[in-house]
Amino acid sequence: MTDPAKRAQDSSSSGYYATDPSTDDLELATLQESGLTQTYDTAEREGMLDEQDAADLLEADIILIAHPENRRLGTRFRLSPGARMDVGRSMSAEIPLPEVLSISRQHARLEYRGRRVTIRDMGSTNGTYVNGELIEGPAVLHSGDRFQVAGVHFKFLHERDPEHAYYETIYDLVTRDGLTEIYNKRKYEEEVQREFARAKRHKRPLALIMFDIDDFKQINDSYGHLCGDFILKQVTGLARELLRPEQVFARVGGDEFVILTPETDAASGEVLARKLCERVSSLDYTYCDFVVRVTCSFGVAELRRGMKDPNDLYHAADQALIAAKRSGRNRVVLFDHTADA
């Protein structure tokens, strides 16, 4: 096993290192090929940076925020001024992802030149995306940007207080879904506990909308998981446009979502669900020259007197969603409280 002190020494010459927040141990990667990384000192000697630049420049953080197998979430890779970093399936890459078969051996390259960090695709099969857009040439990264190589997503940080930004990102990781950027099940469960208690205490309305994508497994099987990811992001992006800030939108399963709507009764929840149902079915989903038909089914329930905890509300919305599926899909069903009595 490599000695940790030796690994730390090696990493300082490469201009980057990786930190795993689950252990706080320093994971230090070393270059496999000579000349792959240009150091900060070399850049300064070659006149790429003047003295003031050298004093002002900050290291950049690249944080892994989504992985098909949920591996290494939150791992931080640091890129120093003057350095470059490759992402790929090859073990010689500075960010090696050999377990993700949809990533090319040499997929993308980050470079820190002057005051800018850029990313470019290296002729990969599935392309490189920045903030959801496919890039065709070098793209400048700004702090807070997200970039994607196949099914792996990263967040780029380049700020005066990188430690604070890093831990903010870690908090975001445990409350948000890495693929769609909406809240995850953990965050939903926190919010529904609070809103359920408030609604019961003050006798205020509260509705829950649950929906999923019809025949989503068939979409994945027919067009591939990258297409499935594309559809998930399109649908969630569309939904976010219709929602108010106080409404809690979360991904609670593979293609299953909930919208918690405070101060909303079942009738208003049903109106919102129908708007979203119609917009999803009317959108043109074109992926790699394939036109994919996408619809969703919705179940709506509201808080009733006999409900003792948030699970009762969730169960009611789920039963309505099942009824929507059984009655033909691409529709909204309101939970029948009289049948449950």
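Of the 341 residues in the protein, 48% are buried. Keep in mind that this is a predicted model. The chain forms 10 helices and 21 strands. If you take the contacts between residues at least 6 apart in sequence, 59% of them join residues at least 24 apart.

Now zoom in on helix α6, which covers residues 216-223. Phe216, Ile219 and Asn220 are its buried residues. Viewed down the axis of α6, these buried residues fall within an arc of 95 degrees, so they line one face of the helix. There is a simple piece of geometry to recall here: an α-helix has 3.6 residues a turn, so residues three or four places apart point the same way. What do the buried residues of α6 pack against? Their partners are β15 (206-213), α7 (225-242) and β19 (290-292). The other side of α6 carries Lys217, Gln218 and Asp221, which are exposed. Just after the helix comes Gly224, with a positive phi of about 100 degrees.

Our second stop is Glu94, in the loop between β5 (84-88) and β6 (95-96). Glu94 is buried but has no salt bridge. How far away is the nearest side chain of opposite charge? That side chain belongs to Arg84, and the distance is 6.5 Å, whereas a salt bridge needs the charged atoms within 4 Å. The side chain of Glu94 does have a polar atom 2.6 Å from the backbone nitrogen of Asp86.

Methods
Residues numbered from 1 in each chain as written. Predicted model: local features only at pLDDT ≥ 70, side-chain atom pairs only at ≥ 80, totals over all residues. Heavy atoms only, no water. Buried < 20%, exposed > 50% of the residue type's maximum accessible area, 1.4 Å probe, protein only. Helix = DSSP H or I, 4+ residues; strand = E, 2+ residues; numbered from the N terminus. Arc of directions from axis to C-beta. Contact = heavy atoms within 4.5 Å. Lys, Arg positive; Asp, Glu negative; His and termini not counted. Polar contact = N/O pair within 3.5 Å; in protein donor to acceptor, adjacent residues only side chain to side chain.
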